[in-house]
2 protein chains.
Amino acid sequence: MVKKESIGIGLMGLGVIGGEVARVLAARAEVLGGQIGCPLVLRKVKVLEADLARPQAKEMGLELFTTDAEEFFSQDMDIVVEAIGGEQPAFDYLKRALSSGRHVVTSNKEVIAKHGVELFALAQQHGVGLHYEASVGGGIPLIAPFQQDLVANKISGIYAIINGTTNYILTLMAKEGADFPSALARAQKLGYAEADPRNDIEGIDAVYKLAILASLAFHCRVQPQDIHCEGISRMNNRDFRYAQELGFAIKLLAIAKQTDNQIEVRVHPVFIPEESLLAKVDGVYNAILVQGDLVGRVLFFGEGAGASATSSAVVSDVVSAAQDVIAGGGSRAKWVLEPGKSIRPMAELETRYYLRLNVADQPGVLAQVSKALGDHMISISSVIQKAVDSAAQTAEIVIMTHPAKEAEMQQALDELGKLASVKEIGNFIRVED
Amino acid sequence: MVKKESIGIGLMGLGVIGGEVARVLAARAEVLGGQIGCPLVLRKVKVLEADLARPQAKEMGLELFTTDAEEFFSQDMDIVVEAIGGEQPAFDYLKRALSSGRHVVTSNKEVIAKHGVELFALAQQHGVGLHYEASVGGGIPLIAPFQQDLVANKISGIYAIINGTTNYILTLMAKEGADFPSALARAQKLGYAEADPRNDIEGIDAVYKLAILASLAFHCRVQPQDIHCEGISRMNNRDFRYAQELGFAIKLLAIAKQTDNQIEVRVHPVFIPEESLLAKVDGVYNAILVQGDLVGRVLFFGEGAGASATSSAVVSDVVSAAQDVIAGGGSRAKWVLEPGKSIRPMAELETRYYLRLNVADQPGVLAQVSKALGDHMISISSVIQKAVDSAAQTAEIVIMTHPAKEAEMQQALDELGKLASVKEIGNFIRVED
């Protein structure tokens, strides 16, 4: 136990999250101090020049702020809270904070996903903790449960809706029949999607978060580039109608599975049974289903983003870090790495597929399509055929397959694309039962 | 930091949970030791004479066992795991363990709900920890999230399905139209309900769990006797049919709310909107919805009972306790008590009500009923009237009220019961929107 008069905090960034963290630390000072045993004191806030004009900065008192990293790091601080976001300069600042013996709290998913291993090594070397509960799922407890509550389990699977923007868009498409561009526009208008929405809609944000969760759950290093990633921009409202007809919902899932020492990690749209709990998670909400050998299925649900929810996680990490400071023994959160784990190539995936084809409305087409699939050992479980456009003499065929190999499916798709009778491969979506 | 060659564990009880905990501690020894930094060693198991005949006891080696509490407590143990259950002798053993400086892990909801305050004081006095994650919600992380992840929040509400037995029975009644006795019999046959099911079906088990959660969430002492409790035995399958017609599900909810410093705590059947997430929690599963000012709504879902799920929580607590032992600074889990909180009397509750009456099939009855309600300022939001038994000349009236005071409703029910035209008050169920 270390006797402390107070715990010194340095905050980097006064944006949406940093501003809310500063507010909560002040508003809850008494309760938080009671939990820790001594007060938390905000010593310095590192900001950009432009932030000094913010009303909050003026209210807090400008002497609390600096734009100079040297000045910031020279303060007497036990804990550095990073709320800048993005890879740089956040990564450099985090290294500097850890190297100078400060405990670190961050909500930065990109840095943790890309550089977590290096940062953890630095933290261990300097006897301090690296806390990142806010990096995944906003205020939903996820990191702590994996580090603590589920520690006795062998985790076999994670199935997660961890990007609120895409879930909002998919919900609009499913419930209101919106097409993708108009659903995206609405999400942007409401502030759920950014002006440049690629990070969300292409699945990159979900990839960062899955890399963090899978690394933690499976005790290994999963990097963003290990994760197969497809976004939602190719979704069409026709797919939602067929999904409904077939008893499925369409969600962008982040999936991580472990079988023996092989790890499967992927982010892409999937068909999931409409009666499953994840299918019922609508709008900007997140939900993370974890399968453990002892605990069975547990699901965590809540707001996955937003200043309030994220600051809930950041401040709880600050309290944990402060308790570590007082305990004087470094961090108790370990990132255990087990040897012998490998990433399973996407080509080896075996799953069912939904396939929507635009074909010539003439005899024998279905036979050609099913032959192309059959040549790759893909058997059909059900078919829906509807005339779409009698003027163009095209029809739409929707196929659900039995479980098939991804590599075979990709080859079959290539061959289907070359058939004269197949006008267009409308979409193909994997099924997760 | 305390240098330890190993952490000594004493286990009390080798029943369903104790047996599984012993199995997991052995099977996961390596991973758990890695998390802690030194091995966990099971030093002694306190059992009853009859347990010595269990195959597991023989496999583990009989020298590990004792039936003598004196011998048990004389061992070199850092952590005592209590898996006996029930109030006594468990309570005495827990006091003895804490008083002798051992960290304690327990799954005993009854002892924590009734005697938590005393046990926490003992733990603090002796510089050790009291861990009870397994006492509520099986393996679902709940205690740790309240103690840690949600610590920055003001919690305003908890809405919980925390008894799997009753949820299973209600699910059967809702989905299959089963009546209460046959649904209970089926739950008993499957081992989901005990031969004497009162603890579950009368809501007592849920009361213990809610007392624990509410105390933790609201930083105060909520005792079982503070909680208004009604079980599910008066539920009739007619109520489920009407609920469906009206767009509701019926669940046994444990509800805790905090407004200013007033705390409302109750366990009883409720109508909840069928599109709410809790309405979709079926079978033996548990789900706990928490409303915090920062985090918004978070929901935790999973298996709320069973040896595996419970042992997942017990073993994670053992790891936390072991980390506390090594940190050498007592427990970091604090039970903060804030002054000035009071329990709101049930009579002051204001909510909507569902009311099912069996009335004489004659003119003017509805007028009499609505007058009796109106006399108590209870206004009707909708009415369904159906002829049930033309031979007996009775009809069934189902009423949904606007929000009304509980005290007024109870008086109105009294008066309705005295009306000659009201043959029977079929049921009344509160609504939670």
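**Domains, a helix pair and backbone features**

Chain A comprises domain 1 (7–139 + 307–327), domain 2 (143–303) and domain 3 (349–431), with bounds from an automatic or database domain assignment. The centres of domain 1 and domain 3 of chain A, taken over C-alpha atoms, are 52 Å apart. The model is predicted: local features need pLDDT of at least 70 and side-chain atom pairs count only at pLDDT 80 or more, while totals for chains, interfaces and linings use all residues. Residues are numbered from 1 along each chain as its sequence is written, and chains are lettered from A and ligands numbered from 1 in the order in which they are written.

In chain B, the axes of helix α8 (residues 164–176) and helix α9 (residues 180–189) come within 9 Å and cross at roughly 130°. Axes are lines fitted to C-alpha atoms, for helices over the stretch in contact, with angles running from 0 to 180 degrees between N-to-C directions; helices (H or I, at least four residues) and strands (E, at least two) are DSSP runs, numbered from the N terminus.

A cis peptide bond links Gln88(A) to Pro89(A), with omega about 5°; Pro89(A) lies in the loop between β4 (79–82) and α5 (90–99) of chain A. In chain B, the bond from Gln88(B) to Pro89(B) is cis, with omega near 5°.

Asp260(A), not a glycine, has a positive phi of about 50° and lies in the loop between β9 (248–259) and β10 (262–273) of chain A. Met377(A), also not a glycine, has a positive phi of about 65° and occupies the loop between α14 (365–374) and β15 (380–389) of chain A.
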